[in-house]
Amino acid sequence: MNIDYSQEVPTVAGRLTPAQIEELVAKPMETKPNKKYFIALSISVSLLLIGATFLAFSFYYGTGLWGNNQPVGWAFPIVNFVFWVGIGHAGTLISAILFLLRQKWRTGIARFAEAMTIFAVMCAGIFPIIHTGRPWLAGYLTPYPNQHSLWVNFTSPLVWDVFAVSTYFTVSFVFWYVGLIPDFATLRDRTASKLKKTIYSVFSLGWRHSNRHWTHYEKSYILLAGFATPLVLSVHTIVSFDFAVSILPGWHTTIFPPYFVAGAIFSGFAMVVTVLVFVRKIFDLQHIITLDHLEKMNKVILLTGMMVGYAYAMEFFIAWYSGVQAEQFVFINRAFGPYAWAYWIMVSCNVIFPQFFWFKKIRRSIPAMMVIVILVNVGMWFERFVITVTSLSRDFLPSSWAYYRPTIVDFGILLGSFGLFFTLVILFTKSLPVVSISEVKAVADGAQPTHHGGTDHE
Amino acid sequence: MNNDKKIFGIAATFKTPNEIIIAAKKVTSSGFVEFDVNTPYPVHGMDSAMKIKPSKLGFVTLVTGLSGAAIALLFMYWTMSVDYPLVIGGKPFFALPAFIPVTFELTVLLATVSTVIAMIALFFRLPDNKHPLHDTEYMKSVSADKYGIVIESTDAKFDEASVTDFLKKLNPLKIEIIYYPEEESYPIFQPKFIMLLVVIAAVVSGGTYLMLNKLMYITPFNWMMEQDKLNPQHSSELFSDGFGMRTPVEGTVAKGFIPYPYMGQTNPTEVLSNPFLPTKENIELGKGKYFTYCSPCHGDFADGDSRLRGQFPNPPTLHSSRGRDFSDGMIYHIITNGQNVMPSYASQITREERWAIVNYVRVLQRAKNASDSDLIEMNKETGSNVTN
Amino acid sequence: MSQTDFHYQKKDLPASLSKIGLLLFVIGTVLSLLAFFVDQERAVFNYLVTYMMIVSIGLGSLFLIALEYIAGADWSTPIRRIPEFFAGVLPVLLILVIPLLVFNHDLFHWAHEEAVAEDKILQGKAPYLNVTFFVIRTFVFITLWSLFYFVMTRNSRKQDQSKDQTLTKKNIKLAAIFIPVFALSLTFTAIDFMMSLEPHWFSTIFGVYFFGGTVVAALAAITLVVVKLKEKGYFSPWMNDDHLFSLGALLFAFINFWAYIAFSQFILIWYADLPEETFWFLTRWNGGWVYFSLGLIFIHFLVPYFALLTQPSKMNPKRLKFIAVWLLFAHLFDLFWLIMPNMGSMKSGYVFSWIDLVFPIAGIGIVILIFNYRAKKDNLIPIGDPKLKRGIDFHL
């Protein structure tokens with residue numbers, strides 16, 4: 001296939017008109033869900049209930065039901081937390097960074113990815129709270145004047161986490177909602193049902209598509225994107241600080257911040273591709289979420305996968321180079337110790353398999369990319385497992401070494417978080433526009449005036 | 001057409017973005033000020049066509065962002081270095097590098113949230129679901145895929161006929177006259193509705209209270225109180241004797257405790273010697289402790305004039321020759337061990353304090369039986385002139 | 001529109017440029033040679049600072065070219081020749097590096113065999129840190145960069161005549177391969193020439209840190225030249241505010257990136273407080289160095305950050321020109337801060353010497369001469385590039 005580089009690739013395929021775009025996006029909300037939808041929903045709700053049951057057990061009997069024990073006190077809950085926060089990075093990245101880079105292809109996937117961000121951060125938020133063992137006391141994490149006259153420790157990375165994740169959730173939500181306002185207005189104006197109209201009216205805030213508003217609206221989008229971009233970086237950076245400010249070999253290494261961020265983008269994009277492949281098929285959005293968009297995402301996955309590989313290599317090299325015995329041991333132990341199986345799953349899924357994306361055919365083949373992105377998701381979960389567990393299970397003192405084994409409750413709660421995530425995603429697809437209607441309209445063929453007003457020759 | 005209604009404006013819709021840009025330019029150049037363009041998405045170049053000034057929203061962001069940073073830094077400074085300074089990880093109280101993450105997060109949080117709120121509330125004057133444009137054919141078409149322009153009746157140059165003519169010349173798809181909606185009262189402000197809310201609130205909270213407290217007997221959270229642990233002075237089922245507290249293993253000694261070897265002996269043949277010099281601080285300490293523990297029975301000057309008025313047998317004076325002949329160690333032994341009706345004070349007065357009391361008793365004894373040489377010494381020191 | 005029918009006519013750069021370049025080069029070289037006789041160690045260290053500056057500009061430019069190809073960016077296509085000319089310094093590095101290899105004894109503690117014999121840690125590092133392997137690595141890296149530079153710019157130049165789109169495709173593939181090569185070679189260059197100056201110190205982020213500075217330096221150099229050429233009318237009439245804005249925004253992004261990486265490195269070492277890491281920062285806190293360390297925050301981050309914060313300032317040519325010069329200095333300052341405190345006599349504090357000033361003069365001269373040489377041979381705009389029209393018509 002020969003590409004004509006002198007032409008821009010159209011963002012929306014099939015020369016859709018604005019009306020057709022609106023029709024396509026609004027369709028899932030205006031039709032009754034079919035059988036398949038309910039089957040998918042019941043599967044994910046069952047997963048959610050499994051998780052809820054195990055969580056209830058954990059609350060009743062205590063966290064002793066989990067595999068966490070000395071010396072591995074930070075096991076599954078932290079692994080899952082970092083995993084989900086990482087997944088949550090793709091959304092804001094697509095909506096903010098790609099917006100600033102003026103990548104028009106983001107319009108088709110931004111809304112969905114942002115929603116996934118919000119859901120993933122919700123899943124992530126559960127874990128540190130339940131990990132404390134006393135979730136009802138989570139309010140102590142906020143600095144408020146209290147009867148103990150104590151303040152939270154602002155020098156602790158765990159408090160930074162509280163601020164980072166809650167800020168991230170709030171800003172992502174605001175960003176998402178601001179993007180939804182014009183779409184709510186459009187839905188309000190096309191629905192026939194009175195109830196729906198009331199609901200959409202409330203959420204649209206009475207938006208009138210006024211150009212005097214669009215001016216500020218576009219400015220606010222730039223401002224929000226400008227803030228969300230460093231925010232995205234900061235969140236996973238701060239998550240990496242949880243590990244890296246300590247002195248534990250394998251945790252304390254300076255490359256952690258960019259390495260975690262690259263990993264987060266990597267896993268987040270993989271998750272977005274995983275879900276989008278289904279969504280575009282089920283809701284006939286192939287023209288809006290085109291194969292070109294997926295290919296571009298796969299390229300980003302390839303690039304970030306290599307960044308992660310670079311970080312693995314650098315950690316290994318510097319561990320040897322440092323001449324510090326404990327550092328050297330940790331990395332040998334990771335690759336050849338009792339957790340070697342996890343390490344090699346991580347390396348093969350994160351570094352080796354994504355290399356297939358060098359080939360254009362694989363980048364553009366739906367089944368092949370499905371396999372690879374799911375492997376990437378697995379690999380990125382194992383990355384967090386390797387980092388958290390191997391370093392803790394064998395630290396400085398050989399007498400306190402132990403092999404960590406998760407229990408069935410650990411797996412149940414992890415499964416439950418997937419259930420929560422997919423339940424929210426499935427509900428989202430039927431209740432809100434999965435693609436930003438106004439943004440896609442704006443990048444469709446002939447949507448913009450030909451050079452600032454057609455006849456304008458100034 | 002209903003002429004009783006008040007006109008909000010006259011709207012025209014167009015099919016292509018090029019047409020709307022031209023229309024907006026013409027409307028602007030004809031001197032209309034109070035008009036608006038409604039498009040389903042932002043059309044490039046419209047701002048310059050309408051001569052809209054760049055958004056000032058950035059100022060809100062700048063100001064709120066900077067104040068977010070300042071609030072965060074000051075707050076952390078105050079809590080961590082002023083209100084409750086704690087040494088954590090050997091870092092200074094004002095550990096600036098460690099404050100940067102939270103400062104950054106609060107900057108972003110405050111800047112973004114207030115920008116959006118300011119935009120919606122101040123710049124857009126939203127929510128406004130009562131605007132005359134709502135529920136019009138015009139709104140429905142610009143919400144979907146048409147491009148519209150409205151000239152509002154508040155404009156100085158507004159005149160129904162001329163504006164309609166003007167817009168017709170632009171060759172629009174359709175022209176629509178938009179009226180102000182008839183006044184309707186919002187149900188949310190009706191007193192009945194507010195009453196309903198109050199009733200619902202009362203029923204829900206009252207019902208919850210009765211349900212939890214009176215039917216289910218669920219106590220409020222007191223997790224800190226009821227912990228599965230041994231409490232001092234409480235019984236416990238864990239041990240067979242039912243006591244929560246344990247006695248120390250025989251032969252063990254608490255940290256810092258120096259055992260007293262003559263405990264229980266009424267007339268020890270040998271005693272300890274005083275390890276403390278009668279310095280001023282030591283005597284001050286002894287004085288304090290004497291007044292606290294000894295003076296109720298022995299009297300303020302160790303005369304044996306108890307303040308207890310016979311409720312307890314008076315101790316003998318310490319100024320007798322027997323008392324004065326006691327060695328330091330013997331007095332210490334009596335305080336530690338007790339004698340006759342006097343109980344042991346070992347658990348109330350620390351070792352050092354007991355020795356300090358001994359020194360102070362010596363001071364009292366010497367003062368009560370001062371010799372002439374003492375008087376000369378005293379006069380020399382204080383510059384007084386007291387004679388015996 | 002007038003911009004659609006774009007005709008390029010080659011217009012040579014002013015003749016004075018080569019004279020200025022030559023003058024700077026000669027003066028700088030004479031003074032540098034003098035410096036070698038006055039204080040050899042200090043001269044070699046200063047030579048290294050200027051050498052790394054040239055590496056930054058050349059390699060960063062090549063990276064930006066590759067970035068344009070793989071990202072499919074069009075706004076930067078019309079000005080792509082500027083980084084191509086700057087990347088022309090890469091083959092010259094083969095010569096420029098020789099003094100560093102000859103005087104390696106002055107630079108590298110690990111090159112002293114008697115020191116290694118006494119030091120267990122250095123013995124452990126000897127398989128990597130030894131002169132033979134070091135020289136091999138250095139030449140392999142420079143050769144690789146030069147190869148990529150030659151092939152990619154040759155393709156670009158060929159396209160001027162043939163307008164062949166397959167050349168773009170070839171360059172995209174080359175660029176994709178170049179990125180991992182670039183990442184690894186840049187990292188190991190940073191480790192070899194800067195981190196190993198203090199052979200006991202280590203930091204995994206060091207390569208990324210140097211990368212941040214490299215891109216800032218290359219972008220600043222490109223921005224400076226683009227604004228200058230625009231002012232002299234070389235890019236009229238097509239160049240608009242949006243092109244400048246893109247450059248300004250990229251600069252702004254990479255200033256932030258550098259600050260982010262620098263802060264990450266510092267806070268982790270500061271927080272963990274391990275003596276095997278902190279001493280590197282403590283050296284840079286000794287004597288006068290503390291002013292350099294604190295100054296770096298202002299020079300490399302705060303001042304350019306606030307100068308480029310608002311949207312209008314990112315497309316203001318005067319502001320951009322000033323900030324470009326400022327950032328070139330900032331990167332030089334950063335390299336100076338990285339390299340000079342490792343000099344034996346400077347560990348306890350900074351002592352001023354005229355030697356610190358002369359080497360950059362020669363460096364600027366070299367870069368100007370090579371830029372001018374390349375600019376003479378080539379068109380200032382890649383006229384055969386299929387993306388050129390898109391790039392010229394670029395609007396936000």
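A crossing of two helices is called left-handed if the near helix is turned anticlockwise from the far one by less than a right angle, and right-handed if it is turned clockwise. With that in hand, look at this predicted model and find α9(A), which passes α10(A) in a left-handed crossing.

Helix α9 of chain A covers residues 256-282 and helix α10 of chain A covers residues 291-322; they pack at an angle of about 150°, with their axes 8 Å apart. Angles over 145 degrees count as roughly antiparallel, and α9(A) and α10(A) are therefore roughly antiparallel to each other. On the α9(A) side, the residues in the contact include A:Phe266, A:Phe269, A:Val272 and A:Leu276, while α10(A) brings, among others, A:Leu294, A:Met297, A:Ile301 and A:Val308. What classes of residue make up the contact of α9(A) with α10(A)? There are 16 nonpolar and four polar residues, and no charged ones.

A second pair in chain A is α6(A) and α7(A), where α7 spans residues 194-204; their axes come within 8 Å and cross at roughly 155°. So α6(A) and α7(A) are also roughly antiparallel to each other, and their crossing is left-handed. From α6(A) come A:Ile181, A:Phe184, A:Ala185, A:Leu187 and A:Arg188, and they meet A:Lys197, A:Tyr200, A:Ser201, A:Phe203 and A:Ser204 of α7(A). That contact has six nonpolar, two polar and two charged residues.

You've already met A:Val272 in the contact of α9(A) with α10(A). Leaving aside residues up to four places away in sequence, A:Val272 touches A:Ala90, A:Ile109, A:Ala113, A:Met116 and A:Met297.

Next, where chains A and B meet. Chain A puts 58 residues into the contact and chain B puts in 64. On the chain A side, the elements that give two or more residues are α1 (18-30), α6 (157-190), α8 (211-244) and α16 (437-443). Which of the elements gives the most to the side of chain A that touches chain B? That's α8(A), with 15 residues. By class, this side of chain A has 25 nonpolar, 24 polar and nine charged residues.

Most residues other than glycine have a negative phi, and most peptide bonds are trans. Here are the spots that depart from that:

| Spot | Feature | Value |
|---|---|---|
| A:Gln70 and A:Pro71 | cis peptide bond | omega about 0° |
| B:Leu126 and B:Pro127 | cis peptide bond | omega about -5° |
| B:Asp135 | positive phi | near 65° |
| C:Lys163 | positive phi | about 55° |

A:Pro71 sits in the loop between α2 (35-61) and α3 (76-87) of chain A. B:Pro127 lies in the loop between α4 (96-123) and α5 (137-144) of chain B, and B:Asp135 is found in the loop between α4 and α5 of chain B. Over in chain C, the loop between α9 (131-162) and α10 (165-193) holds C:Lys163.

C:Lys163 is partly exposed, with 14 other C-beta atoms within 10 Å.

Methods
Residues numbered from 1 in each chain as written. Chains lettered and ligands numbered in written order. Predicted model: local features only at pLDDT ≥ 70, side-chain atom pairs only at ≥ 80, totals over all residues. Contact = placed C-beta atoms within 7 Å. Helix = DSSP H or I, 4+ residues; strand = E, 2+ residues; numbered from the N terminus. Nonpolar A, V, L, I, M, F, W, Y, C, P; charged D, E, K, R; others polar. Axes fitted to C-alpha atoms, helices over the stretch in contact; angles between N-to-C directions. Parallel < 35°, antiparallel > 145°, perpendicular 65-115°, else oblique. Buried ≥ 20, exposed ≤ 12 C-beta atoms within 10 Å, placed from the backbone.
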